[in-house]
Amino acid sequence: VPIDDTVISDIIATSNGRIFFIEEEILYELDYQDKGWFSRRCRKINHSKSFISYFLPSISLITGKEERLVRLCVDDTRHILYSLSEHGSIQVYDLRADGNSIVKVASLSYGQIQELAAAECRSVDASFFIDIVGISPVPYTQSRYLHLVATTRKGVRLFFSCFPPNPKNANQLASKFPMMNWTEGMRPSCLRLKHVRLPPGYGISPVSFQPLSIYDTFYSHEIGIMAGEAGVDISNISVFCSSNFPASECLIENVAAGLSLYRDVSGKFIILCEKGIQIIDHRAPVDMLRDVLLQFGPDSSHASYFTQLHGLVNVGDMILTILCTECGASNAVKDAALRLFFMLSNGKMRNKQLSSPLRTNSFSQLSGANESLSDISLHIRSPLFSSTPQQPKRLFRPTKESFSEMQQKLSNKGTSPTVEVQTYLVSMYCISELEWLLHQLTPFKKVIEDYELVGSVQEYVQPLTTDRDALNSRTEVASHSERRSLLSFRQLLFLTAEVLMLWKILCEHQFHVIATLLTAQSRSSLCSTNLCNIVVNGQRLCADLITCLIRHYLGDNATTTVLCNELRDCCPSLFSVDDANTTKATEMIEEIRRLPPCPARTEMLVEAIKLLKSGIQKINLPVICQLLYEVDYVEGIVDLVLERAERDDTKLLAVMAYKNHCGENDIFAQEAFARRNGAYKCIIDTLDRLMNDQKTAGTVDLLNPSKDLIIKKVLESKDELANVAMFKWLLDNDLSNVVLQSKSPFLESFLHRCVEEGGSSRYLDLLWRFHERNGDHVKAASLLYQLAQRETDAFDIQRRVSYLSQAAMCIQSAGSQIDRDVELHDLVVEIRDKLDVAQIQLAVRDLVQSMPKTRGTVAAKQSLEKQLYTVQELFERFAIPLDLPEIKLALCFCSSTYNESAIEEFYTEIIDKELFSSESETREVRIQRLGARLAGLAKKYSLVPKYFPLEIILAKLLNRGMREGFTPSFFHFIGSRIDAPLNAMVDSLSNMFRRDPFYQKNSTASCYLMRSALHVITKFTENSSSTYRQCKTALASKCLDLIAAFLINLSQAKSTVPDQKKLAETFKSLQNMLENI
């Protein structure tokens, strides 16, 4: 690439391989990608004179002349490029989120920068802010909000941000959602001055301060180095470091002669100059502590000041580092470090007042009462404390959250057009990485054991001594809690080492092959579980992996023996003696597969079950049950499952919670339930497999000895929850006869519980059949009666009526026992009465349900479903407020309450409501509906005439028929629907005609009555042959009297009656016919 005799001022490369350089005032990029056969040559791209740059303000437009660029720097964490001109102007280029583009987004001239800095620091001479000599990026790992630091010739550091000002609600969102970051995903859009840091020494004595003359700067890993002129051919190196103040609330730096990096290994800075190369060593704080302990001892004031400077947590970390160091630390240094470690636990180091010109924070200021060690470590931040919230550091690769990952591999075989997709699990870390992790943990584990830093287990189980002094008591409680926390930490450390060792062994034996033996559920769980959860809650996963590892080598006794010994030595918590017994039993079962049925085979199976029971809680029960199923030893499955359920719930929490109905809010009871159900599932899965095998073979109707054996052994056991699980499976598979034929002592309580929990009528039938089988009908009736009256939302009024009906049937089956027992007789009466009222309540519910939905009707329906009500409650709460005349009538009839005027009013309301509701229908439909309604009432109450006053009802029907304009046949039609006798209809017409003033004074009403009577009498004459002779004669006589009265009325009446003459002739003809009768 030609450069045309120009000078390249600076060149820089990004993390993804892009190369930028500057020639005079132009920014170039070296493009060296292989893009094809004819475009292999490298070329340089001008980014200063691109088409886009003409639309953005440039330095030349502001200053009026081009400025030569002298420095480049890149922020690879954010993909931002910065350039510095010779006069101190800064330009910002956005490389986009993927780092593959470039766009100039902002720039500031040296005049603007000087103006902004002077406005920020009004008391400082403006000359301090001119002539920027160096720029360095501030990576995302150090600050979210600061992006760039620029250093002037006089040592002033200017911190810039490329983001716009914070939104107004940013602080509110941060307080509500601590993990929320409003800058996430933002790209640079400007360049703003955020902070000005004056050179060291200026704030102490600004008058006598000698300005620096800086010509180069370097910033990396929280260390700043400034190179300045100190004379002719003499340079001065100033180093600024904040690692000695990790607990400070604000940024504090010291000018270090020997550099110091917190938590970093010792390193070197290489300085190039004209006369050669100079190397400066910098030392970590742990090295300083080692020297302090070696020269002055742990009791010295130097050690005390060092502890106060760094904080107790950091010094403790350094001491552990010294103790874990295999080389470079003598026994004297380790002994002194150990003494200092134990001194940190008492009040010596905290209470000692030290004279220091710097304000530092003690451990009590640094940590809150509820903070853990990891929370305290978050306070150790970068020098840009105020702008950089600390993010928790992760031990593993940031792009992979789980310990293992799914990897898909495509493999083509031969020339087949199909592609076989093979999916398997591979370990995310290789053996060398796991060995490195173990190398870091093993010395720490050895130090804790050798020096007894945590203490013995007995110290943690000592009971707390209560002191009268409240302060001392709280201190004792806090101390005891801290000791228990340390013990948990010790266990966590040891368990982590064991898990890593197990993972290393799995990798040595081809992890992806072992993982193929896992169940689908275990594979899915392993893919979504990280190391933390595997260590803390992944004992079951580890057990599954160990089981699969042993299964992989089953049949090779030598290899399995070596593996068992290695696992027992390296992972004693994950693979114990019980695990070894389980492995041996598994090998025996595998060997039994090759044996024919014989006594020796049975003996080996019994011995294998005995070994498995010894470590029942650590075996992979589903896998073992699968092996036993394959060798056809189902009784062994039942034995292991029952043993596992008993061991998993030694305190019988699940059984007690089941009996007392109190396990919903008890976490421990729920866990016990889950463990027991997990064990019982193995039996259920075995039964399902046997049933499926029968269906496949087409032998469902035949007996299955294995299935019957499992059912028999479970139902004969004393495990109530196992019996319950078996009952449910039998009922789900339509084997209710097997349930009833069983002699399990838990069947009755199971059925009662199902009924109480609102089970279907199927359980009621089973309960009825169960008590019928046992001859205890009274008990069943009492239970059903209690259930019907229970106030609950579990079942509705329909089911309550069903319960009462079942109760009535059960109590009736008691037979002669009812006559001998007075209380039982009272119960029969009470059940029947309650059933009658409940049926009325059901009718109320149906009526309310048919009404338009309003707040009142919805509330009424819910109340009616929830409990049973008395007659008075139904009357007052529902019948009257909702205006239900039929319900009022039914309640009066049910309670034998009689009031003549009230009954008459009820029927009036019934007739009025029915006719009102059918106003939009035709007359024929309205008559039919009214007839059906009254016919239903007649069927219920006609046997008790006072609740069905026929004469009053007929009178009201005649009156309403005339008012509604119904035909005269309406009266006879309704009368026949309600089975009213003809003589009753004739008597009613006669009484109304002779006694009712309304019909006497109203000619229209009188005419309607006569026509209705004409229709009734005509029907009588037409069907007189079906009437007994004596009744026929009496009825004919009544009709003749009525006709005579009609004729007299017609002869005396004026011509206002329509068809008066024709009506009189009709009555005369009927009179002749009746005389013949």
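Predicted model: local features only at pLDDT ≥ 70, side-chain atom pairs only at ≥ 80, totals over all residues.
Which residues are exposed on the other side of α44? The first legend below takes up this helix.

Figure 1. Helix α44 is made of the 17 residues 1060-1076. From its first C-alpha to its last, α44 reaches 25 Å, close to the 24 Å expected at 1.5 Å a residue. Gln1060, Leu1063, Ala1064, Phe1067, Leu1070 and Leu1074 are the buried residues named in this helix. These residues lie on the same side of α44, because they cover an arc of only 125° around the axis. An α-helix has 3.6 residues a turn, so residues three or four places apart point the same way. On the other side of α44, the exposed residues are Lys1061, Lys1062 and Asn1076.

**Figure 2. The whole chain, for orientation.** The chain has 1077 residues, and 44% of them count as buried. It contains 44 helices and 21 strands. Among contacts in the chain with a separation of 6 or more, 58% are between residues 24 or more positions apart. The accessible surface of the chain is about 58300 Å², and carbon and sulfur atoms account for 52% of it.

**Figure 3. The largest nonpolar core and the surroundings of Val641.** This core has 87 residues, of which Leu628, Val641, Ile710, Met726 and Phe750 touch the most other members. The core lies between domain 3 (622-744) and domain 4 (758-865), because both give residues to it. Leaving aside neighbours within four places in sequence, Val641 is in contact with Leu621, Cys625, Ala679, Tyr680, Cys682 and Ile683. Another core, of 71 residues, lies apart from the largest one; Val844, Leu884, Leu954 and Leu1074 are among its members. In soluble globular proteins, nonpolar side chains tend to be buried together.

**Figure 4. Isoleucine 840 in helix α32.** Helix α32 spans residues 822-850 and includes isoleucine 840. Is isoleucine 840 buried or exposed? Its relative accessible area is 10%, so isoleucine 840 is buried. When residues up to four places away in sequence are not counted, isoleucine 840 touches Ile887, Ala890, Leu891 and Cys894. Lysine 888 is 48 residues from isoleucine 840 in sequence, yet the two are 9.8 Å apart in space, C-alpha to C-alpha.

**Figure 5. Serine 573 in a loop between two helices.** The loop that holds serine 573 runs between α17 (557-570) and α18 (577-592). Serine 573 has 46% relative accessibility and therefore counts as partly exposed. Not counting residues up to four places away in sequence, serine 573 touches Leu495, Glu498 and Lys618. Between serine 573 and valine 499 there is a separation of 74 residues in sequence and of 9.5 Å in space, C-alpha to C-alpha.

Figure 6. Where does glutamate 24 lie? Glutamate 24 is in the loop between β2 (19-23) and β3 (26-31). Glutamate 24 counts as partly exposed, at 34% relative accessibility. The loop of leucine 652 is between α21 (634-648) and α22 (653-660). With 41% relative accessibility, leucine 652 counts as partly exposed.

Methods. Residues numbered from 1 in each chain as written. Heavy atoms only, no water. Helix = DSSP H or I, 4+ residues; strand = E, 2+ residues; numbered from the N terminus. Buried < 20%, exposed > 50% of the residue type's maximum accessible area, 1.4 Å probe, protein only. Contact = heavy atoms within 4.5 Å. Areas by Shrake-Rupley, 256 points an atom, 1.4 Å probe, with all protein chains shown as cover. Expected span 1.5 Å × (residues − 1). Arc of directions from axis to C-beta. Core = buried A, V, L, I, M, F, W, Y, C linked by side-chain atoms within 4.5 Å. Domains from an automatic or database assignment.
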